[in-house]
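Here is a brief report on one protein chain. Look at the sequence and the model first, then read on.

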Amino acid sequence: MTTVEILCYDGFDELDAVGPFEAFEMAVDEGAALDVSLVTLDDQSTVTAAHGLRIEVDGTLSPSDPPDLVVVPGGGWNDRRPEGAWAEAERGEIPDALRTLHAEGTPLAAVCTGGMLLARAGVLDGRPAITHGGALDDLRETAAEVVDARVVDDGDVVTAGGITSGLDLSLHLIERLVDRETADAVATGLEYDRRGEVWVA
């Protein structure tokens, strides 16, 4: 069983997390051995997303008992909202946790400006990556190597462009974790045509 935890925080963009969650759960419906959950770093039962959606989470992300994959959504970075990826980067706790998880071998994936949280953690230093188009200048100011692709797969770190690219990231990860047939079945069920280039190291 492969465990996938999607890390939520106040101000995350709804589709960045819910899109991948649905895609992974549809893979489970196709027989994939995935255990998918929505988690927070802080101990809180509910999270309020960028556009007001309130969700109940399944638990907390534990660096001492990590999942097989962590997916980090973005949201609130480009306009420097008081809640969202920018605020979490400034607060520092999520970047610290991501740095620890990655250093201990946990693969990380990011949708949209969730990639900026990986950059703030130093995880993208010297590595190919992409983020939301509105944050590319910020990403270029880090030590990451910006790649013009919708999904950038550098092995244990996978990043995607803005918002809807979370579906492309999820389908790519399903293909990696399970198989192409399952990914294709999920894409058909979503009535979603994969878009853009997937760059693989």
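E88 is buried, at a relative accessible area of 9% (buried means under 20%, exposed over 50%, partly exposed in between, with a 1.4 Å probe and protein chains only). The model is predicted: local features need pLDDT of at least 70, side-chain atom pairs count only at pLDDT 80 or more, and totals for chains, interfaces and linings use all residues. Residues are numbered from 1 along each chain as its sequence is written, and side-chain values use heavy atoms, with hydrogens and water left out.

E88 sits in helix α2 (residues 85-91). Helices (H or I, at least four residues) and strands (E, at least two) are DSSP runs, numbered from the N terminus. Leaving aside residues up to four places away in sequence, E88 touches Y9, E93, I94, P95 and L117. Contact here means heavy atoms within 4.5 Å.

D138 belongs to helix α5 (residues 136-140). D138 is buried too, with a relative accessible area of 17%. Its contacts, again not counting residues up to four places away in sequence, are W77, R80 and M116. M116 and D138 are 22 residues apart in sequence, yet their C-alpha atoms are 8.0 Å apart in space.

## The sheet

What is the strand order? It runs β5-β2-β1-β6-β7-β11-β10-β12, an open sheet of 8 strands with mixed pairing. Two strands pair if DSSP finds at least two bridges between them. β5 (59-60) and β12 (198-200) stand at the edges with a single partner strand each, so one side of each has no neighbour in the sheet.

Strand β1 (residues 2-7) is mostly covered, with 5 of its 6 residues buried. β1 pairs in the parallel sense with strand β2 (residues 34-40) over 6 bridges. T2 has L34 as its bridge partner in β2. β1 also pairs in the parallel sense with strand β6 (residues 69-72), over 3 bridges. There, V4 stands opposite L69, and the bridge partner of I6 is V71.

## Helices on the sheet

Helix α1 packs on the sheet and touches β1, β2 and β6; its direction makes about 155° with that of β2. Helix α3 (residues 93-103) also packs on the sheet, touching β1, β6, β7 (108-110) and β11 (157-160), and its direction makes about 150° with that of β6. Axes are lines fitted to C-alpha atoms, for helices over the stretch in contact, and angles run from 0 to 180 degrees between N-to-C directions.

β1, α1 (residues 14-29) and β2 make a right-handed β-α-β unit. Right-handed means that, with the strands pointing away from the viewer, the path from the first strand over the helix to the second runs clockwise.

## The α6-α7 pair

The axes of helix α6 (residues 165-177) and helix α7 (residues 180-190) come within 7 Å and cross at roughly 150°. The two are therefore roughly antiparallel to each other (over 145 degrees; under 35 is roughly parallel, 65 to 115 roughly perpendicular, the rest oblique).

From α6, the contact involves L167, L171, I174 and E175; from α7, R180, T182, A183, V186, A187 and L190. By class, that contact has 7 nonpolar, 1 polar and 2 charged residues. Ala, Val, Leu, Ile, Met, Phe, Trp, Tyr, Cys and Pro count as nonpolar, Asp, Glu, Lys and Arg as charged, and the others, Gly among them, as polar.

## Positive phi

R80 is not a glycine, yet has a positive phi of about 55°. R80 lies in the loop between β6 and α2 and is partly exposed at 35% relative accessibility. E191, in the loop between α7 and β12, has a positive phi near 50°. E191 is exposed, at 75% relative accessibility.
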